[in-house]
Amino acid sequence: MQQDICDPSSLPMPQLASCAARGISFLTDDALYAACGVRIAFTGRAGGASEGAFASLNLGSHVEDDPAAVAQNRALLLQALDAPDAQLLTLNQVHGDTVLAVKRGSADELAAVAAQARAGADAIVVAACEVAPILCFADCVPVIIVSPTGAFAVAHAGWRGVMAGTARAAAEQLAHLDVQAGAAASPHEALAGFNVYLGPHIGPCCFQTGADVRAAFAERFGNDVLTGDDRVNLAAALRIDLEAAGISAARVAESGICTVCNAQEYFSYRASGGVCGRHGAAAVRRCASCP
Ligand SMILES: [Zn+2]
């Protein structure tokens, strides 16, 4: 079990700052990396090889971009994360609540998880080193959750995912892994020590919805998640759900960036009329950081 615990002490408070490497820039948390060996990234459009509507760091393989450019962009991201040899995992994201898990990172387990990922999933928990999930986004909320043990989760939360509690389910599964590994006495104790990062997404300034969606959000999360006459604050709803599960409010960091307002820097499905690339949320724990 020792190999699962990089640094059992508490994590630094979460903080997102811009970082550049290999010609791309991304938001990350350097203090987190130093503390537990987990490198996280919320990427943007800059850098990479894609052209036109996908220019230029498109990480999505399902948007009719040149597959060679997408492969090149993903490899570039792994290099920028300092993990060029990590096992890359992508999910067939379907706005559902399926959470996958990589516990040991064996070849058999990774093959099984890759098959599950192709069938459809919107979150993944990783307790193994050198396994790098890259999830794809264009307005939905990217969520990364990190445990002091070095295990982490990456989740995709559009409004359906927020309503389905996908990120919360990922946090709870991460907590169960910590308890199983002996790193926490209870899921609640584990959850209180997690860092949560909410990346660039369609903000409360721009997320207009129908009255039915607004009513569903108000019923589930309260009126405070409604903005103006016709908008919803997805990050506020996520915070309410995660805090109800036991996440500390002080341990949730937000980028504060709206993808629609910043469509030159980030891919936005709404701002582009539906044809665009995908930026990413990625994380990897480096083996070298383990005792
Ligand atoms: Zn906006």
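Glu 130 sits in the loop that joins β6 (123-126) to β7 (131-137), and in this predicted model its phi is positive, about 60°, although the residue is not a glycine. Because 15 other C-beta atoms lie within 10 Å, Glu 130 is classed as partly exposed. His 95 belongs to the loop between β4 (87-89) and β5 (99-102), and its 16 C-beta neighbours inside 10 Å make it partly exposed.

The loop between β3 (38-43) and α2 (67-80) contains Ser 61, and Ser 56 lies in the loop between β3 and α2 as well. The peptide bond that leads from Ala 55 into Ser 56 is cis, with an omega near -10°. Ser 61 has 16 C-beta neighbours inside 10 Å and therefore counts as partly exposed. When neighbours within four places in sequence are left aside, Ser 61 is in contact with Pro 67 and Val 70. Its C-alpha atom is separated by 9.8 Å from that of Asn 92, which is 31 residues away along the chain.

Ser 186 is placed in the loop between α5 and α6 (187-192). With 12 C-beta neighbours inside 10 Å, Ser 186 counts as exposed, and 23 Å separates its C-alpha atom from that of Val 143, 43 residues apart from it along the chain.

| Residue | C-beta neighbours inside 10 Å | Class |
|---|---|---|
| Ser 61 | 16 | partly exposed |
| His 95 | 16 | partly exposed |
| Ser 186 | 12 | exposed |

Helix α5 covers residues 166-180, and its 15 residues reach 21 Å from the first C-alpha to the last, close to the 21 Å expected at 1.5 Å a residue. The helix is mostly covered, with 11 of its 15 residues buried; among them are Thr 166, Leu 174, Leu 177 and Asp 178. After α5 comes Gly 182, which has a positive phi near 80°.

How far apart are the axes of α5 and helix α8 (residues 234-245), and at what angle do the two helices pack? The axes are 9 Å apart and the angle is about 25°, which makes α5 roughly parallel to α8. The crossing in which α5 passes α8 is right-handed. On the α5 side, Ala 167, Arg 168, Ala 171 and Glu 172 take part, and they meet Leu 238, Asp 241, Leu 242 and Ala 245 of α8. An α-helix has 3.6 residues a turn, so residues three or four places apart point the same way. Ala 167, Arg 168, Ala 171 and Glu 172 are also listed among the buried residues of α5.

Turning to the protein overall, its secondary structure comprises 9 helices and 14 strands. The radius of gyration is 18 Å, close to the 19 Å that the globule rule gives for 291 residues, so the protein is as compact as a globular protein of that length. The C-alpha trace spans about 50 × 45 × 35 Å along the principal axes. Of the 291 residues, 52% count as buried. Among contacts with a separation of 6 or more, 68% are accounted for by residues 24 or more positions apart.

Key. Residues numbered from 1 in each chain as written. Predicted model: local features only at pLDDT ≥ 70, side-chain atom pairs only at ≥ 80, totals over all residues. Helix = DSSP H or I, 4+ residues; strand = E, 2+ residues; numbered from the N terminus. Rg over C-alpha atoms; globule rule 2.2 N^0.38 Å. Buried ≥ 20, exposed ≤ 12 C-beta atoms within 10 Å, placed from the backbone. Contact = placed C-beta atoms within 7 Å. Expected span 1.5 Å × (residues − 1). Axes fitted to C-alpha atoms, helices over the stretch in contact; angles between N-to-C directions. Parallel < 35°, antiparallel > 145°, perpendicular 65-115°, else oblique. Left-handed = near helix turned anticlockwise from the far one by under 90°.
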